Amino acid sequence: MTDRTGRRNGAAWGVAGWGAGVLVLLAGLPAAASGRLPDRLATHWSAGSDRPDGSLPLWAAALLPALVWTVLTAVVALTVRRGGNRGIPPWAAATLGSGGAALVGAQVSVVRANLDRRDWHEAGSVTWWAVGTLVVTGVGAAVPLLAGRRKPAVPRSATDGPAMVVPAGQRFVWLSRTSNPWLQATSAATGLLALAAVVGALAGLTDRTSGAVAAAVLTLSCVVILCCSSVQARVSERGLEVAFGPFGWPRRRWDPDAIESARAEIRTPAQVGGWGYRLSGLGTTVMLRGGECLVVRSRNGREFAVSVDDAERGAALLNAMDAP
């Protein structure tokens with residue numbers, strides 16, 4: 001499997017996880033709070049008086065948004081599939097992001113307004129919740145579109161040969177990227193749990209303090225795992241740069257003068273103490289899959305290794321910087 005195929009499959013799994021998570025929240029939130037809700041839920045409010053003027057049965061209030069979301073995701077998926085197997089375009093990510101945020105925000109607003117009410121006519125106001133939902137929806141649409149404007153770096157091919165020769169005055173670059181789908185799936189699952197904790201706290205199903213603490217811990221775990229789930233190594237005349245995560249941040253950089261030597265070495269998770277960013281007797285290792293790693297030794301004697309493909313060529317290019 002090529003790295004491009006791996007990224008495409010990872011994006012597809014991410015979209016599937018997002019779609020399933022939103023569907024569970026839309027259908028499950030009213031069911032989870034059914035003991036504290038009236039038989040009919042207020043689902044529409046008068047713009048002038050902010051009083052409820054429309055309602056639906058509890059089962060319909062849960063089913064209707066879930067049905068709308070299912071149709072939306074199906075239409076987007078079919079459109080993308082007919083456009084060719086080229087990954088998830090920014091417009092599709094923006095549609096699913098903003099659509100999911102809008103539906104979940106609306107469902108949270110409806111449940112919270114009806115919570116602990118004897119009749120739907122007594123439902124509370126949803127004005128400020130609607131405003132917050134619009135803001136989150138806008139962010140959900142803007143982030144994928146802005147991220148899609150960044151053109152990804154395209155690795156330049158290098159000729160095969162027993163030795164690395166860099167002609168004087170010419171520029172060069174070597175790129176290699178590796179991802180771990182299991183870490184990506186773990187990050188996605190943790191993110192969905194954080195979202196569920198936030199939704200539960202906002203809807204009044206859990207204590208706000210405990211919900212906020214749980215959401216903060218889960219969000220931090222999601223971000224850390226996501227940053228350790230993929231890595232890109234870049235060798236150029238500026239030295240070595242290692243970027244973490246899907247957005248290329250954080251980064252570590254070594255200038256050519258700071259590198260004493262580089263080599264390719266076979267390492268396994270058992271040798272370095274597990275997966276992710278590991279510290280062991282071998283130094284620092286970014287372990288995403290067992291096998292070939294690019295290992296650099298700095299002038300201070302410390303070693304840094306990252307599991308990427310074609311590590312031997314990257315090491316040869318780094319060593320060529322000091323060659324006469």
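Start by selecting S280, which sits in strand β8, residues 276–280. The model on screen is a predicted one. With a relative accessibility of 27%, S280 counts as partly exposed, because that class lies between the 20% limit for buried and the 50% limit for exposed. Now show what surrounds the residue. Leaving aside residues up to four places away in sequence, S280 touches Q271 and V272.

Next, turn to the aromatic side chains. How many aromatic pairs does the structure hold? There are two. For one of them, select W254 and F304, whose geometry is tilted: the planes stand 45 degrees apart, and the distance from centre to centre is 4.7 Å. Colour the strands at this point. W254 belongs to strand β6 (residues 251–254) and F304 to strand β11 (residues 303–306), so that the pair links distant parts of the chain, 50 residues apart. Are these two residues buried or exposed? W254 counts as buried because its relative accessibility is 10%, and F304 counts as buried at 4%. The cut-off behind both calls is a value under 20%.

Move on to the helices. Two packed helices are described by the angle between their axes and the distance between those axes.

Select helix α3 (residues 90–114) together with helix α5 (residues 181–202). Their axes are 9 Å apart, and the packing angle is about 30 degrees. To see the contact, show V104, V108 and R112 on α3, then V199, A201 and L202 on α5. Five of the contact residues are nonpolar, one is charged and none is polar.

The crossing of α5 past α6 is left-handed.

For the residues of this contact, show the two sides in turn:

- On α5: L183, T186, S187, T190, G191, L193, A194, A197, V198 and A201.
- On α6: R208, G211, A214, A215, L218, T219, S221, C222, I225 and L226.

How do the residues of the contact of α5 with α6 divide into nonpolar, polar and charged? The division is 12 nonpolar, seven polar and one charged.

To finish, select A201 in α5: this residue takes part in the contact with α3 and also meets α6.

Technical notes
Residues numbered from 1 in each chain as written. Predicted model: local features only at pLDDT ≥ 70, side-chain atom pairs only at ≥ 80, totals over all residues. Heavy atoms only, no water. Axes fitted to C-alpha atoms, helices over the stretch in contact; angles between N-to-C directions. Helix = DSSP H or I, 4+ residues; strand = E, 2+ residues; numbered from the N terminus. Contact = heavy atoms within 4.5 Å. Nonpolar A, V, L, I, M, F, W, Y, C, P; charged D, E, K, R; others polar. Left-handed = near helix turned anticlockwise from the far one by under 90°. Phe/Tyr/Trp six-rings, centres within 6.5 Å; stacked < 30°, edge-to-face > 60°. Buried < 20%, exposed > 50% of the residue type's maximum accessible area, 1.4 Å probe, protein only.
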